[in-house]
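Hi everyone, thanks for making time this morning. I'd like to walk you through one model, with the structure up on the screen as we go.

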Amino acid sequence: MPLEFAARTRRIPVYPLAAGYDLGADVAMLASNESCFAPHPAVVEAAARVLGGVNRYPDPSYAPLRRALADRYGIPPGRIALGNGSCDILLAAGEALLEPGAEVVYAWPAFSVYPHLAAASGARAIEVPLDDEDRHDLDAIATEITVATRLVMVCNPNNPTSTALSLDEIDAFLRRVPGHVCVILDEAYCEFALTLGDTYASLELLRRHPNLVLLRTFSKVYGLAGMRVGYALCGSEDFRVAVDQVRQPFFLNSAAQAAAVEALRHQDEVERRVTETIAGRLEMADGVRALDMWVAESDANFIWLHLPDGVEEAAVIEGLKARGVLVRAGAALGREGSMRVTVGTAPENERFVDALGGLMGLPPMAG
Ligand SMILES: Cc1ncc(COP(=O)(O)O)c(C=O)c1O
């Protein structure tokens, strides 16, 4: 007899997992918005140093990392939530805030994990279409907020479309949200966003809106996706307490904590990576536009493009794969006929543009 599972397991969408980890070194892995830069050697050493002591559980107060983030952002440690990746905090937020009868509002397409929150909790998901430029339509989102709303998610810059809203636009939106409704501003890619200025700018919003949570990660610019460390800077301590209450006590392993603390010490390296990524992003976007395709204004470490009418998305994805380039199909992200491509190293970016041009029947880029 088959096992009987909870009904919600049938509602939870399957996360579109990236493939290609078995394809070897000669593949451009441009499908998961990871960093193409290996972690700083001091970060690797810091993680390795703690391995000899992993017979002990990790520090459950996560004090060094909490303190390092508190010092950097000027937020009390009690208002900093940590997680096994920022996904962990996101899912815990769903568990802590949502239940049958409640509503969660977010733009769509946005981060693929958002639909999970309503499905897992039995809450209702309100998905608000993006505008014509594939940006969040904050007016439309605001009008969807009802007495049942518990949570609003705003992904800025948005995954998969790469677009960002200015903080003035977000501030104006937050003024329209009732104070008891939690707003998670998902800033997984904020370090790459010229629209936002710097990573301190959105902290001003926290001072004005205690219902706001800034969700961030070490998976992108800090190059620690495989370590799984995320954090949230919270407008009030309540959010941190609630997400900690619904999770297991040891959600962040010792090596991940040590790596994250060390990574924060190398901001010069972070800046260098951001500069290189933005240069790559511009080149990639220009290369794709030269093929006569629409590319969104990117503020992230990836680009988002629309394929020309009549071009079959699956054939392009397969064609790129055959040329050693893995990208993410729009169909898997909520918008068929589009593609999300992570900025990689310069040769990887060039390989992608050349391969795409080849598939569109054009000769490869010179040089
Ligand atoms: C918008 C957004 N939020 C959150 C995450 C989760 O990142 P992690 O769990 O690795 O911190 C991702 C990962 O791709 C993302 O794109």
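Let me start with a term: a salt bridge here is a side-chain nitrogen of Lys or Arg within 4 Å of a carboxyl oxygen of Asp or Glu. Two housekeeping points before I use it. This is a predicted model, where local features need pLDDT of at least 70 and side-chain atom pairs count only at pLDDT 80 or more, while totals for chains, interfaces and linings use all residues. Residues are numbered from 1 along each chain as its sequence is written, and side-chain values use heavy atoms, with hydrogens and water left out.

So, how many salt bridges does the structure hold? The count is 23. Let me show you a few of them.

Take Arg175 and Asp171, whose side chains meet in a salt bridge at 2.9 Å, N to O. Arg175 is exposed, at 57%, whereas Asp171 is buried, at 8%. While we are on this topic, salt bridges that share partners also join Asp88, Glu237, Arg240, Asp244 and Arg247 into one network.

Next, Arg351 forms a salt bridge with Asp26, and their closest N and O atoms are 3.1 Å apart. Arg351 sits in helix α13 (residues 346-359) and Asp26 in the loop between α1 (8-11) and β1 (28-29), so this pair ties together parts that are 325 residues apart in sequence. A word on those labels: helices (H or I, at least four residues) and strands (E, at least two) are DSSP runs, numbered from the N terminus. Arg351 is partly exposed, with 27% relative accessible area, and Asp26 is exposed, with 59%.

Which residues does Asp137 contact, leaving aside its neighbours within four places in sequence? They are Val128, Pro129 and Asp131, where contact means heavy atoms within 4.5 Å. Its C-alpha atom is separated by 9.6 Å from that of Leu165, 28 residues away along the chain.

Now for the strands. Two strands pair if DSSP finds at least two bridges between them. β3 and β4 pair in the parallel sense over six bridges, and Val105 has Ile126 in β4 as its bridge partner. Five of the six residues of β3 (residues 103-108) are buried, so this strand is largely enclosed by the rest of the structure.

Strand β8 (residues 230-234) is mostly covered, with five of its five residues buried. Gly230, Ala232 and Cys234 point one way, and Tyr231 and Leu233 the other way. What are the partners of β8? Strand β2 (residues 80-83) runs antiparallel to β8 and is joined to it by four bridges, with Gly83 standing opposite Gly230. Strand β7 (residues 212-217) also pairs with β8 in the antiparallel sense, over five bridges, and there Gly230 is the bridge partner of Thr217.

Last stop, a pocket. On a 1 Å grid over the protein atoms alone, a pocket is an open set of points where a 1.4 Å probe fits, with protein on both sides within 12 Å along at least five of seven lines; lining residues have an atom within 4 Å of a point. The second largest pocket is lined by 18 residues, and Glu191, Asp198, Thr199, Val270 and Glu271 lie nearest its centre. Helix α11 gives the most to this lining, with six residues.

Also in α11 is Arg281, which counts as buried at 4% relative accessibility. Not counting residues up to four places away in sequence, Arg281 touches Phe192, Leu194, Ser298, Asp299, Ala300, Ile303 and Val343.

Technical notes. Buried < 20%, exposed > 50% of the residue type's maximum accessible area, 1.4 Å probe, protein only.
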